[in-house]
6 protein chains.
Amino acid sequence: MKKPSRKAFITRRLTFSAAHRLHSAKLSPEENRRVFGKCNLPNGHGHNYTLEVTVAGPIDATTGMVFNLTDLKDVMTDVIEHDIDHKNLNMDVPAFKTLNPTAENIAAVLWDLLEKRLKPGLLNEVKLIETENNFVSYRG
Amino acid sequence: MKKPSRKAFITRRLTFSAAHRLHSAKLSPEENRRVFGKCNLPNGHGHNYTLEVTVAGPIDATTGMVFNLTDLKDVMTDVIEHDIDHKNLNMDVPAFKTLNPTAENIAAVLWDLLEKRLKPGLLNEVKLIETENNFVSYRG
Amino acid sequence: MKKPSRKAFITRRLTFSAAHRLHSAKLSPEENRRVFGKCNLPNGHGHNYTLEVTVAGPIDATTGMVFNLTDLKDVMTDVIEHDIDHKNLNMDVPAFKTLNPTAENIAAVLWDLLEKRLKPGLLNEVKLIETENNFVSYRG
Amino acid sequence: MKKPSRKAFITRRLTFSAAHRLHSAKLSPEENRRVFGKCNLPNGHGHNYTLEVTVAGPIDATTGMVFNLTDLKDVMTDVIEHDIDHKNLNMDVPAFKTLNPTAENIAAVLWDLLEKRLKPGLLNEVKLIETENNFVSYRG
Amino acid sequence: MKKPSRKAFITRRLTFSAAHRLHSAKLSPEENRRVFGKCNLPNGHGHNYTLEVTVAGPIDATTGMVFNLTDLKDVMTDVIEHDIDHKNLNMDVPAFKTLNPTAENIAAVLWDLLEKRLKPGLLNEVKLIETENNFVSYRG
Amino acid sequence: MKKPSRKAFITRRLTFSAAHRLHSAKLSPEENRRVFGKCNLPNGHGHNYTLEVTVAGPIDATTGMVFNLTDLKDVMTDVIEHDIDHKNLNMDVPAFKTLNPTAENIAAVLWDLLEKRLKPGLLNEVKLIETENNFVSYRG
């Protein structure tokens with residue numbers, strides 16, 4: 001190939017299941033019902049979340065890889081499996097004790113957790129698919 | 001067409017989101033943990049459920065339909081929207097106060113609710129897709 | 001393997017795009033509007049149809065195949081490509097000059113067209129996916 | 001979280017069905033047939049279109065949302081449901097009386113219709129999936 | 001629920017990647033090329049296979065399950081992971097030393113391997129999706 | 001429409017099946033096993049690859065198209081069908097005689113092959129989906 005160092009973007013996908021309830025401590029009960037509708041029902045609901053994490057960088061001339069997808073999978077599994085998968089986000093996950101677990105906030109929290117575990121500058125995008133009709137993308 | 005009355009199977013798909021916790025009152029806490037694993041965690045988790053309801057019968061010579069899919073959609077929406085969607089199955093849905101909300105039991109409960117609303121013999125199958133890896137089919 | 005002749009079901013999938021309008025000559029304009037709703041709008045709408053054709057039979061001991069999927073693909077392409085794909089079903093396809101092109105009737109018409117081209121008893125099911133929420137299955 | 005105002009991209013997906021015919025008034029009949037092939041057949045064909053609309057902005061500290069997805073859904077439904085869904089784009093939709101309803105032009109027209117209904121700067125991308133093999137993205 | 005023992009069908013999905021080459025020792029080189037086309041190219045090609053295994057039986061009144069999906073997943077993983085996943089079916093898998101690894105034969109071989117590991121009568125269907133356009137189902 | 005020349009991105013999707021083995025001539029056998037794991041098994045495995053090629057440019061005022069998708073399909077088919085589809089990438093494709101056929105390198109090689117066939121500046125992105133969990137994007 002003609003270029004000595006070619007940049008690529010690689011993505012790993014992982015699914016998890018969690019319960020959540022949209023509720024903001026900064027809003028009154030009435031405002032919470034109006035803003036969040038049935039997502040504010042008191043006992044919560046849940047989703048099969050799909051997480052797509054993208055890292056970007058030059059393709060290594062020896063391995064042909066930007067980053068080993070097995071290592072990326074391990075980092076993602078570490079972050080998700082023990083603390084988030086099959087949990088109630090509002091009740092079981094410290095980050096959401098005070099933060100409303102909207103798709104936007106979940107994506108931003110996952111970005112922070114993943115960024116700490118990866119070489120600086122490697123993380124490019126965290127995409128969270130909440131339902132087949134709703135997605136969020138966070139790029140730092 | 002050569003045949004006066006041709007039988008066909010028509011399916012309508014609908015998605016909903018709910019929280020649940022697998023837990024059987026007939027098992028000890030230790031047995032519940034062993035049998036249901038992380039699905040038994042105390043505060044529950046959730047899914048985007050996909051429901052596929054199939055009805056079967058002859059194709060009507062006037063309309064060209066087995067059953068009006070708009071009517072089937074309305075029956076399914078009635079059953080799901082008010083009582084199940086965005087609810088916590090264990091806490092909010094009467095049928096699961098005592099019945100463990102496994103995919104099998106949810107499918108069977110939905111069969112009962114739908115069958116009451118449809119002409120006898122019309123309902124053919126209730127398929128519930130709990131995750132991209134787990135499906136259940138109930139055929140009465 | 002232990003069994004001399006094992007039966008299997010093989011399916012080939014193909015997509016096509018067509019316009020149609022649901023309208024029954026046996027119903028009044030008012031009834032057509034009531035029964036078919038927006039599917040009865042005068043200038044038609046359209047779909048990306050997905051067709052899944054299943055044939056069934058013993059696995060041939062020499063080839064390891066029930067039927068050559070390349071041959072099945074050719075038969076399906078013949079039936080679909082020249083007469084149905086990118087056509088207006090009501091205006092361009094003879095079978096639907098008098099027959100309402102509901103998913104049920106399209107599936108039954110495709111069954112007839114495919115059955116003539118295949119060895120007797122081979123065709124098992126014609127499944128037509130009209131939208132991600134509506135499917136029809138016809139089994140003869 | 002460490003950052004006071006974090007930008008995110010949220011997407012809402014919606015499907016609709018429409019008929020269309022590719023035909024340019026600026027080309028001769030022969031050129032139309034050569035350029036558009038079977039998409040130029042006189043009576044039109046159709047698609048199940050999938051529309052993905054992305055809005056971008058800071059995550060609101062009170063609600064945890066960039067924009068209420070229910071409001072985005074309502075705007076999208078307003079634009080699509082009354083004027084485009086189940087219509088013949090060439091015959092029924094004013095924007096396509098003179099404009100060829102290619103996926104590119106449909107995406108650009110939908111951008112214009114949506115942009116008028118949203119706060120300036122909020123709309124980020126309109127993606128239109130015409131078939132499982134053809135997509136268009138328009139970003140203003 | 002009214003019925004003491006209700007039968008349901010539960011399915012677990014798993015994906016694996018393998019290389020294969022279609023070639024029958026009972027056919028001449030010319031016949032192999034004619035029957036299998038590019039699937040007979042000498043150095044093989046490969047697929048992401050999706051395996052869907054269905055078991056059927058009564059819903060257990062204590063657990064609410066037909067069979068523990070975690071146990072089904074473990075059996076499937078055992079059968080697939082060590083002997084089939086990321087292998088060359090023709091060269092690495094004993095069953096295909098003499099048997100042509102068509103989708104039909106792979107499904108039948110997996111049925112045999114799975115049936116040995118499950119309670120008699122439990123296994124209901126093995127579905128193998130070879131590409132988005134080709135599927136095989138084997139039911140014993 | 002208000003703007004004389006509007007830029008859009010159009011994407012064409014195509015699938016192919018190939019075998020490959022991850023192995024770097026610059027690494028020892030032990031390092032190859034450690035870095036590539038089961039992807040380094042000696043006889044290779046395979047995938048159903050999905051290729052999504054995006055071209056970008058102004059929407060032509062006469063045709064309403066950025067680029068004719070039929071022409072893009074033909075270029076993609078030319079590049080893929082004769083040299084890559086149903087091949088063993090390591091053994092049959094010249095570009096991978098010395099280059100490790102990782103998803104990153106396949107995407108970059110396809111970029112080079114496609115770029116030569118398209119007007120300068122038209123090619124925008126080559127996305128290669130190796131499995132439902134692994135994707136790579138290359139943007140030149």
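Biologist: In what order do the elements of chain A run from the N terminus on?

Modeller: The order in chain A is β-α-β-α-α-α-β-β, which comprises four helices and four strands. Helices (H or I, at least four residues) and strands (E, at least two) are DSSP runs, numbered from the N terminus. Please note that this is a predicted model, in which local features need pLDDT of at least 70 and side-chain atom pairs count only at pLDDT 80 or more, while totals for chains, interfaces and linings use all residues. Residues are numbered from 1 along each chain as its sequence is written, chains are lettered from A and ligands numbered from 1 in the order in which they are written, and side-chain values use heavy atoms, with hydrogens and water left out.

Biologist: Why is the pair of Trp111(B) and Tyr138(B) called edge-to-face?

Modeller: Rings of Phe, Tyr and Trp (its six-membered ring) pair if their centres lie within 6.5 Å; planes under 30 degrees apart count as stacked, over 60 as edge-to-face and the rest as tilted. Twelve aromatic pairs are found over all chains. In this one the ring centres of Trp111(B) and Tyr138(B) are 5.5 Å apart and the planes stand at 80°, so the pair is edge-to-face. Trp111(B) belongs to helix H4 (residues 103-117) of chain B and Tyr138(B) to strand E4 (residues 134-138) of chain B, so the pair ties together parts 27 residues apart in sequence.

Biologist: What makes Phe16(D) and Tyr49(D) a stacked pair?

Modeller: Their ring centres are 5.1 Å apart and their planes are at 20°, so Phe16(D) and Tyr49(D) are stacked. Phe16(D) is in strand E1 (residues 7-20) of chain D and Tyr49(D) in strand E2 (residues 45-58) of chain D, so parts 33 residues apart in sequence are tied together.

Biologist: How do you know that Phe16(D) counts as buried?

Modeller: Buried means under 20% relative accessible area, exposed over 50%, and partly exposed in between (1.4 Å probe, protein chains only). Phe16(D) has 2% relative accessibility and therefore counts as buried. Tyr49(D), with 0%, is buried too. Trp111(B) and Tyr138(B) are also buried.

Biologist: What makes Arg139(E) lie over the face of Phe9(C)?

Modeller: A charge sits over a ring if NZ of Lys or CZ of Arg is within 6 Å of the ring centre and within 35 degrees of the ring normal. Arg139(E) lies over the face of Phe9(C), 3.8 Å from the ring centre. Likewise, the charged end of Arg139(F) is over the ring of Phe9(A), at 3.8 Å from its centre.

Biologist: Why are H2(C) and H4(C) called oblique?

Modeller: Two packed helices are described by the angle between their axes and the distance between the axes. Axes are lines fitted to C-alpha atoms, for helices over the stretch in contact, and angles run from 0 to 180 degrees between N-to-C directions. Helix H2 (residues 69-81) and helix H4 (residues 103-117) of chain C pack at about 135°, with axes 10 Å apart. Angles under 35 degrees count as roughly parallel, over 145 as roughly antiparallel, 65 to 115 as roughly perpendicular and the rest as oblique. H2(C) is therefore oblique to H4(C).

Biologist: Which residues of H2(D) and H4(D) meet?

Modeller: With contact meaning heavy atoms within 4.5 Å, Val75(D), Met76(D), Val79(D) and Ile80(D) in H2(D) meet Leu110(D), Leu113(D) and Leu114(D) in H4(D).
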